[in-house]
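Trainee: I would like a close look at a single part of this model. Please begin with a pocket and the strands that line it, and then treat the aromatic ring pairs and the sheet connected with them.

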Amino acid sequence: VTDSSKGFTIYLEENAYWPQPDKDYTPYKNLISAVWPTLRHKDYTYAILNARTIDVTTYYRQVTELNLRDPCSHPDSIRCGHTTNGFMNEEFTNNELVHGNRYTVCVFAPYKLVQKKKSVEESDEVRACSDGIVVDLTPPKSGRLWIGNDADFRYQTSSTDLFVSWDGFHDVEEYGTGPHGTGVQKYILGIGTTAGGNDVYTFEDVGIIQHKALHNLNLQNGYQYYATLKAIDFASRETVAISEPVTIDFTPPDRSTKPITLENRHITSRTEINPCWKGVFTDLESGVDYYVWSVGSEPGYTDMMDYMKVVDNECGITDENNPLDLQEGHYYYINVRAFNNAGLSSLATSWAFVVDTTPPTAGHVYDGDRSQLTGDVKDIDFQTETKVIHSYWEGFHDSHSMIKEYYVSVGTCPQCEDILPQ
């Protein structure tokens with residue numbers, strides 16, 4: 001198994017060109033290398049310094065902070081040596097290189113006269129130091145990643161756009177030794193229908209921004225989508241973060257044919273109503289979040305009671321601190337609006353309920369078999385039958401609702417039920 005924290009030595013042929021740019025970070029804990037391909041002295045003393053006391057802004061200034069004739073004498077030197085090559089490699093085996101520390105290589109080359117075939121080449125004394133390299137042995141630390149404007153929101157109505165945000169990702173910048181405000185070199189973003197997937201939006205290098213708006217997508221209703229973000233540091237180590245899924249729901253709750261109901265078919269109180277709407281609404285994509293209900297004199301109106309919110313229940317209760325003022329015999333409508341978790345809503349309105357708080361008007365009850373009575377006789381006071389008793393009634397009515405049913409009892413005194421209970 002290859003240890004990713006261990007690197008390999010470099011080599012530069014004499015007078016050869018060095019194609020690699022200067023590095024600010026190294027992922028290796030066993031090696032510090034440096035090159036000086038433009039020098040021709042062939043006599044170099046070098047030292048590796050722990051650069052904890054060197055101003056980090058030297059990364060951006062074209063100056064030499066150190067000017068050392070004897071680099072090995074510096075108090076922060078951790079390794080020194082001599083070479084005739086235009087490069088050096090120093091290997092470490094005892095964990096001398098510390099994660100987050102910055103190290104710089106200082107080189108001294110003395111004044112030289114180099115004899116050529118037909119001339120003498122003069123090489124001035126050189127005292128130079130690199131701008132340093134930071135040891136980075138760990139990938140970036142993951143932060144937050146979410147889809148939408150709100151990190152806690154899990155549903156959206158758009159089928160063409162996604163807005164992805166992230167924060168809190170960081171790397172060795174907390175040590176204050178590197179040249180960048182963040183130890184993250186770049187972020188790579190993808191969108192997929194599975195965690196870690198990119199079948200919807202192929203992985204793209206989005207730089208070091210912390211949000212990305214994606215347009216012209218083809219998102220399907222009811223599907224879940226995940227954002228996957230790769231944070232890559234300057235040592236090419238990466239950390240992968242996956243967002244919680246967001247569900248697409250661009251349809252409001254569905255309405256069934258079931259009605260809004262009251263315990264009775266009519267409103268029996270002028271001050272309160274307790275309706276239910278069980279099974280009236282469904283939402284397969286995001287589910288019903290909450291309901292609001294109101295009372296009005298016309299369908300959809302809220303003139304008798306403004307909307308009241310109901311959560312986790314399919315029945316409403318009138319606020320006892322705000323009693324209604326319904327009128328006897330008037331018709332009223334109950335309106336229920338269901339909101340799904342994506343914020344879309346559907347409205348259902350009941351049929352007209354009439355207010356009826358009074359009992360029916362009493363009529364007359366007569367003794368006797370109505371089919372056997374003749375002339376103007378409506379009631380009898382005597383009968384010879386001991387097994388059967390006949391009775392009929394008329395004149396009962398209700399001004400606001402129909403009479404639903406009658407109950408009959410028989411007794412030996414008014415209101416008694418000692419012969420036939422109700």
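**A pocket, ring pairs and a sheet**

Mentor: In this predicted model, two strands, β27 (364-367) and β28 (391-394), each contribute at least two residues to the lining of the second largest pocket. That lining consists of 22 residues, and V365, Y407, V408, S409 and V410 are the ones that lie nearest the centre of the pocket. By class, the lining residues divide into 13 nonpolar, six polar and three charged. The volume of this second largest pocket is about 670 Å³.

The aromatic rings come next. With a limit of 6.5 Å between ring centres, the count comes to twelve aromatic pairs. One of them joins Y25 and F234: the ring centres are 5.0 Å apart and the planes stand at 15°, so this pair is stacked. The two partners belong to distant parts of the chain, since Y25 is in strand β1 (residues 25-26) and F234 is in the loop between β17 (224-233) and β18 (238-242), 209 residues apart. Y25 has a relative accessible area of 6% and is therefore buried, whereas F234, at 25%, is partly exposed.

A further pair is formed by W166 and Y187, with 5.6 Å centre to centre and 55° between the planes, and it is tilted. Because W166 lies in strand β13 and Y187 in strand β14 (residues 184-192), this pair ties together parts that are 21 residues apart in sequence. W166 is buried, with a relative accessible area of 2%, and Y187 also counts as buried, at 2% relative accessibility. Ring pairs link W166, Y187 and F169 into a cluster.

Strand β13, which holds W166, also belongs to an open sheet of three strands with the order β11-β13-β16 and antiparallel pairing. β11 (144-147) and β16 (211-214) stand at the edges with a single partner strand each, so one side of each has no neighbour in the sheet. On average, neighbouring strands of this sheet are turned by 10° against each other, direction ignored. The antiparallel pairing of β11 with β13 (residues 162-167) runs over four bridges, and I147 stands opposite V164 in β13.

Most residues other than glycine have a negative phi. K42, although not a glycine, has a positive phi of about 60°; K42 is found in the loop between β2 (31-35) and β3 (44-50) and is partly exposed, at 47% relative accessibility. N95 likewise has a positive phi of about 60°. N95 is located in the loop between β5 (87-91) and β6 (102-109), and its relative accessible area of 57% makes it exposed.

Technical notes:
Residues numbered from 1 in each chain as written. Predicted model: local features only at pLDDT ≥ 70, side-chain atom pairs only at ≥ 80, totals over all residues. Heavy atoms only, no water. Buried < 20%, exposed > 50% of the residue type's maximum accessible area, 1.4 Å probe, protein only. 1 Å grid on protein atoms, 1.4 Å probe; cavity = no way out; pocket = protein on both sides within 12 Å on 5 of 7 lines; lining within 4 Å. Points joined across faces, edges and corners; volume = space filled by probe spheres on them. Nonpolar A, V, L, I, M, F, W, Y, C, P; charged D, E, K, R; others polar. Pairing = 2+ DSSP bridges. Axes fitted to C-alpha atoms, helices over the stretch in contact; angles between N-to-C directions. Phe/Tyr/Trp six-rings, centres within 6.5 Å; stacked < 30°, edge-to-face > 60°.
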